[in-house]
Structures are given as structure tokens and as C-alpha cells.
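Here is a short tour of charged side-chain pairs for anyone who likes to look at contacts one by one. Have the viewer ready and follow along.

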Protein chains: 2
Amino acid sequence: MTSNISPSTALLTDHYELTMLQAALRSGAAERRSVFEVFARRLPDGRRYGVVAGTGRFLEALKNFRFTDAEIDDLRERDVVDESTLEWLADYRFSGDIYGYPEGECYFPGSPLLVVESTFAEGVLLETLALSILNHDSAVAAAASRMTSAAAGRPCIEMGSRRTHEEAAVAAARAAYVAGFATSSNLEAGRRFDVPTAGTSAHAFTLLHDDEREAFTTQVESLGKNTTLLVDTYDVTNAVNIAVEVAGPELGGVRLDSGDLLVQAREVRAQLDSLGAKNTKIVVTSDLDEYAIAALAAGPVDAYGVGTSLVTGSGAPTAGMVYKLVQHSDDNGEMIDVAKKSKDKISVGGRKWALRRRNTEGVAEAEIIGIGTKPQDDGGDREMLVQLVQGGEVIVATDAKTARETHERSRAELPATAHQMSRGEAVIPTRYERRGV
Amino acid sequence: MTSNISPSTALLTDHYELTMLQAALRSGAAERRSVFEVFARRLPDGRRYGVVAGTGRFLEALKNFRFTDAEIDDLRERDVVDESTLEWLADYRFSGDIYGYPEGECYFPGSPLLVVESTFAEGVLLETLALSILNHDSAVAAAASRMTSAAAGRPCIEMGSRRTHEEAAVAAARAAYVAGFATSSNLEAGRRFDVPTAGTSAHAFTLLHDDEREAFTTQVESLGKNTTLLVDTYDVTNAVNIAVEVAGPELGGVRLDSGDLLVQAREVRAQLDSLGAKNTKIVVTSDLDEYAIAALAAGPVDAYGVGTSLVTGSGAPTAGMVYKLVQHSDDNGEMIDVAKKSKDKISVGGRKWALRRRNTEGVAEAEIIGIGTKPQDDGGDREMLVQLVQGGEVIVATDAKTARETHERSRAELPATAHQMSRGEAVIPTRYERRGV
């Protein structure tokens, strides 16, 4: 059994990173000290905060970002770059430093989410991989955070694997967990990232059996009375009666996957209570998003299953982060700030630092970004950048659970308006402080 | 060097597929002959046709859908299913038949895109993987097809890797190629799927050098005069002058990545012509989608680079296909049609067949779906389902190039209104024909 996925992550890279490398090696500029930064120019339309996710996955992928013989042979065969560049790539191993926002942190326009310090050659190669991972995972986490916020403590279940690329699904399950989801349907996310997984049955299981009673009986015998029975294959009221007859009042849960969920949840709750199944939970699924979850807050719902809208970022499937060269050394070894001046895409040159300014109650007030120097802490501020990589070695935890804790703390610090579902501005402003100003 | 990606695709699966399997093994229903079908209830809002993509990737992934010791140990450790189910899984190998639309075909609401014939147990396990791959790849291909249609023969370059999950990026490059894109930036797509890759340089390359002339000179010396120079880092007019001075009129191309592309393309074309660089091509990039491409049709543009909107399906990031049990055997061995009756999600039971009805000019007129029997060919019809898997063995080509040819033929057969960019209905109607009717 062989995989069509290489263990090396090095070719998950845009062609032009390698041609730039080739040209820069020729001019000698490849060896200039450089600073690249990842940031988002803006939040997706109407969002009040972003969530950094994928940092841990990026750091793990960085360990495998090596051009082994297989990658070198392929690049040679397809004539991507010249021999001297291939020789350089064969020896490549990122040896620089990387700073960044801890995974799970909330962020705002301009927040320096990753700061990569290395030679130009070493740093430029990481652009595509870093952006792919952060843009995807952060988009999912931002949507997930709004959903868990709307769910207000009721558990959210990630079940969107079938609506996104099979590997993106694994990463989406992880990102959702970072942003507070309780469980995922994705088994690989369980194995790879220790995300708790859960699931019971689909309509196909009921349809397979001669009738609903036989299907429920089989499920309860096999999975126990604490299982969740899917009750909307034919008629919900009838199914709930059968479910409680089969499992007794100890039945773990029933799932509703169609129709008006608020109305049905109320009817089913009353029915379950009348049958003595007062502890049987009601799980709802069916094209939920953060707005539907918020609308169900008033209903007797015990858990929300979310699929499509989660894995597609609920209208914002990519976080729109960019990776920009902001500083490099010149021939005298002096670091100079750089930024393109393209119409409608102006960037801010210079190495960034960041503080989250907080008021005396510990509530976030502003994102303070220092250009070229650390901004002044005015007392209760929190420094945002931590060192992630030192001399090429990853020096922080990369697991999802740590990121989940970070997110919970970071979100709790935001002003209450962060939790409004309606479209709005970033919940705190971004302020730049320039060196010497 | 180790990968965090297992060669087995078996855990790219929802937890509930395995718990259903456990329960069905207990009742014996697991061994019932079953037919599962993949179809889309509707096209994304306003789309005139869909494009099946990912079939080849699914068939390759099917070969690796095996529960090896690593998967079994993980499932045991996390207590996902019981020991007898684990024993069954350890021996699992799909041994059924699969029929489907050839990859690259256009499709319509209800088209039976995959028809899986096996036992319930063997078929139910494939749901998540099949849907993940088809929903992702088909969403990208549908968007890509509209873009290549709008480009009307001018080459389209896929460059969206940084805006989507790193593995989804590879699949997106492949799907775009299936739908007529000329090249991709994604190196792994080049290696894995033989998608032609291309790229030259980014703004960082210009910013790295002391001035634009040095950057351009370096690039031309290294990559040749036929390279494409990025001319919008500072001032476009100035950059174009320098570009032609440096490379001469043989300069391959210039790239515009910001501003009003139509206005700039016209100005740059005039400037290039006046400098004698009449064959120098103009490549435009910068948040293009099918509408922007259509709007640039009137401009002197030679190639379109498309990123975000392509990999996110241009507003429809998932194709919304479902995988439904439509038929199974009963205790007498008779096949019976099944379908759930859930409010707002009614399915059509019974095994499906499909013809594309064509008029005497060979133009598609309707999608004829036979329920339980092949519909009657009225002369020029085309049968849509081909056998993909026989007794568990893949028996068709799974490469992207074959699918690309299929798409070109299939799209050419649609009525001209298929190519309108405006929102509309499916360009041909879907008609069901029932057995015995």
C-alpha cells in the first residue's frame, strides 16, 4: 500500500518561489537577511475578530519541509530550476527564527501573525505553505468561534468532512476544536490531533432495516441505551415514540436533521418529557450556521451539529492573509524597511511588534502595532508575539488542546460586542506606532 | 523524515459510518446487497451546469482505503467500535462495483454521479471519502469551467494555493486543469498529477533588490528574456520602460497585479508596442473571477491568473453532493427501493440510469434519468454511466488529462446559454422516467 501523498511538504509551494530563489542566488541577494510577515489587511466583511489557527500544523509541516531526492528529481525532470538551485535546495533546512501569535489568539487587521527572520532564500520558500495552512485553518476557526459563542455553552459537533477536501476536513476538525467545538465526526482528526470524535447513525441505517423499530432496536442493542437515535427518516412523532419504547427513558438522545428545528425541538421535548425521558437530549443538525444556532438559543436543544457552513468558513472560506517582505539587509549589512506601492495594495514596511492594550478591567481596547520597535506597555497590556522557532528548531507546543485554551482566554478578554452575530467592524481598533514617533 | 499523513485513507471517514457498521453487523443487515448513489439535489444558486471532478482521485484513494494495523490500533485505543467490528475492518477491501459519470462530465440536478453496488457494510464506509473528494473537486472545477469559458481561449493560470488548505490546493490545481486551465503555480500538482506548472516572481523579489532595474536584470539573466516581469511594485509606466530596456523587445511578458486592470492593460499594451515589444504578453492577476475575466475580454490581455475565487469555488466552495442508500435487498433477496421522507430533504429511491438527450445537431436538450431501468435512447442520446470499478478493481483511467478532454467535449455539447455568466437555471432540464411508466 503506497500513498500518493509525499512525506515531504516542500512541493506544497508555488513555482515562483523557486524561480525567485534561482534568480536571487545568481545576484547574491538570496543571502540578504530578511524579515517576512504574515498579516491580514482586513477581517472578512462584517466580522468582529479573527482567530489564528494552523500555527501548530505549520510548525509541524516546517519540520518536513525538505527537498529529498524525490523532490529534487521531480524538479529536475520538469525543468523548474537550474542545477545550482537544485543543489542549494537539496541542502535546504530552515535555520532562522520565527515569532508569532500563539495559535488560538484573536487577531485584527494588521496583526503580525508570523514574523519570519532568515535569509531571503530561506524565508521566501515558506510563503505558500505558511499561507495555505493559516488561511484555511484561521477561516474555519473564525467561523467556529462565532458558532461556539452563539451556542453559549451548549456543545457544538463538527460534522463537515463530506463538504470539503478530505485532508482539509481533518484540519477543519482541528481548527473547530481550537475554537471550542466539543467533538468532530472525523476519525483521522481523532487519530492525528486528539480531537474527540463522535457519531451514531445516518438515515441509511434506518432505511436499510425493514422498519424503524428494527433499526432502533439494533442500534440500541449494539451501541447502548445512551446512543442518539435519528428520528426524522419518516415521521418524527412516531419515531420518538418508538425510540423511547425501544430504549426506555434512559435513551441518550434523539437527532433532528430536517424541518423547522425550533418548532420540532419544542414538540419533541414535550413528547420526551411526557414519555418520562426527561434526560434524553435533543441534538439538531441540518445546515446550521452561527445565525441558526443563535436562533435556536431559545429552544430546548442540547447540542448543535454543524457541517457545511463550518468547513467553508461561513461565507469566508479563506482568511485572506498575506506573506510580505518588510525588511532586508543592504550591501552594508544595514536593515532597511521595504513595502510595495502598488495601487490598492499598499503595505507597511518594517518589522512589527504587537501589544493587546487592555483597560483596568482586563478588557481589550486596542491592537497596538509597533513598527520597528516594541510599543510602550501602558500597564495592563499583553505582548502578542512569542518565539515559535529558534535557529530552525520548533520551541513551542503545537497541539490543538493548548491552542484551544489560548482561544478561550483570548476571546474572553474581548469586549462583549465581539459576540454579536450581526455584521460589524473589528471590535477593537488597530493602532500603529512608528519607531521614534 | 516522517509524515503526519497516513498512507491509508480509511480514517478520512465519519465516526458514524463505523458505528452504523457495528450495529448492522449485529443485526445481519450489514450483508444486504445495497445501492448507494451520489448526486446533487440542485446546482449552486444561479449556476447553469455542474462539472464532475475528483472521480479519478476518489478511485486512487479507494485503493488505499484499508484498515491496517495502525488504523485498527487507533480505533481500539479510542474505543470507536467493538472487537468484532475491528476484525471485520481489518479484512475490509471494497469488492463491489461502481458506476459513474466520467470525470470532467457536466452534470445537472439529480444526475447519478456515482452508483455504488455492494453490501451495505462495504458501501456505507465509502460515503465520507467519496463526498469529500467529489464535493471539493467538483466545486473548483465548476468555477474553473466558467472562468475558462469567459476567457474564451486565452490561457488561465491557477495560482490559488495560498488561499486554501495545502492539500486542497493540490487537488484544486488538478480540478482547474480538468476544467481547462492551462497551468498551475502548485509544484506538487505538477509532480502528482502532471499539471503543467509555471511562475516567475513576486513583489518580494523586486523589493529585495536595491532598485527595480537590478531586480529585472537579475531575473532576465537567470530566467531568460522570455520571462514575465512583475511591473506594479512602484510605478507601472516606469517599470515597463525599464523592463524593455533590460530584456529588449523579446521580453516574454509583463504582469499587472493591482489597479484597474483594463485601463492599465490598454496603456501598457500601447507602451509596449511603442517600445517595439509587440510580442510581449500582458498577464493580469489580482482577485480575478469569471466576471472580471469576462469584463477584460475587450482588453489586450494575454493570460489570466486566478487565485482565491478559483480555489473557493467562486462563491460555491462545496458542490453539495450527497450519498444516499436508494435500494437494498430484503430477507428474500429481493431488491427494494428506499428513500427518506424527511421534510425538505426528500430523496428519490431506486437505482438510477442516465442519458444525455441531444437534438439532431448534437446539442444537449435534457438529462434523462431512469429509475430502476435504462431510459429509452431516442437516437442521438449519450449514455452517461460507465463502469469505474469491477469486483473492487478500478478499471478506468484516473488521470487529469483524460478528464480534461472529457470536459472539453461535454461542455462543447451544451446549449450556448451555458456560457452566460449571469445567474440562471440549469441549462437543460432533468427528467425522470420510472420503471414501467
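Arg32(B) has a relative accessibility of 7% in this predicted model, so Arg32(B) counts as buried, the cut-off being under 20%. What does Arg32(B) form a salt bridge with? The partner is Asp210(A), and the closest N and O atoms are 3.0 Å apart. This pair crosses between chains: Arg32(B) sits in the loop between α1 (15–27) and β1 (33–40) of chain B, while Asp210(A) sits in the loop between α9 (203–208) and α10 (212–223) of chain A. Asp210(A), with a relative accessible area of 41%, is partly exposed.

Two salt bridges within chain B are worth a visit as well. Glu367(B) pairs with Arg356(B). Since Glu367(B) belongs to strand β15 (residues 364–371) and Arg356(B) to strand β14 (residues 352–358), the pair ties together parts that are 11 residues apart in sequence. Both Glu367(B) and Arg356(B) are buried.

Arg382(B) meets Glu413(B) in a salt bridge. Here strand β16 (residues 382–383) supplies Arg382(B) and the loop between α15 (400–412) and β19 (430–434) supplies Glu413(B), so parts 31 residues apart in sequence are tied together. Glu413(B) is buried, at 9% relative accessible area.

| Salt bridge | N to O distance |
|---|---|
| Arg32(B) and Asp210(A) | 3.0 Å |
| Glu367(B) and Arg356(B) | 2.8 Å |
| Arg382(B) and Glu413(B) | 2.9 Å |

Over in chain A, a network of salt bridges links Glu105(A), Arg356(A), Arg358(A), Glu367(A), Arg382(A) and Glu413(A). Over all chains, the structure holds 72 salt bridges.

Key: Residues are numbered from 1 along each chain as its sequence is written. Chains are lettered from A and ligands numbered from 1 in the order in which they are written. This is a predicted model: local features need pLDDT of at least 70, side-chain atom pairs count only at pLDDT 80 or more; totals for chains, interfaces and linings use all residues. Side-chain values use heavy atoms; hydrogens and water are left out. A salt bridge is a side-chain nitrogen of Lys or Arg within 4 Å of a carboxyl oxygen of Asp or Glu. Helices (H or I, at least four residues) and strands (E, at least two) are DSSP runs, numbered from the N terminus. Buried means under 20% relative accessible area, exposed over 50%, partly exposed in between (1.4 Å probe, protein chains only).
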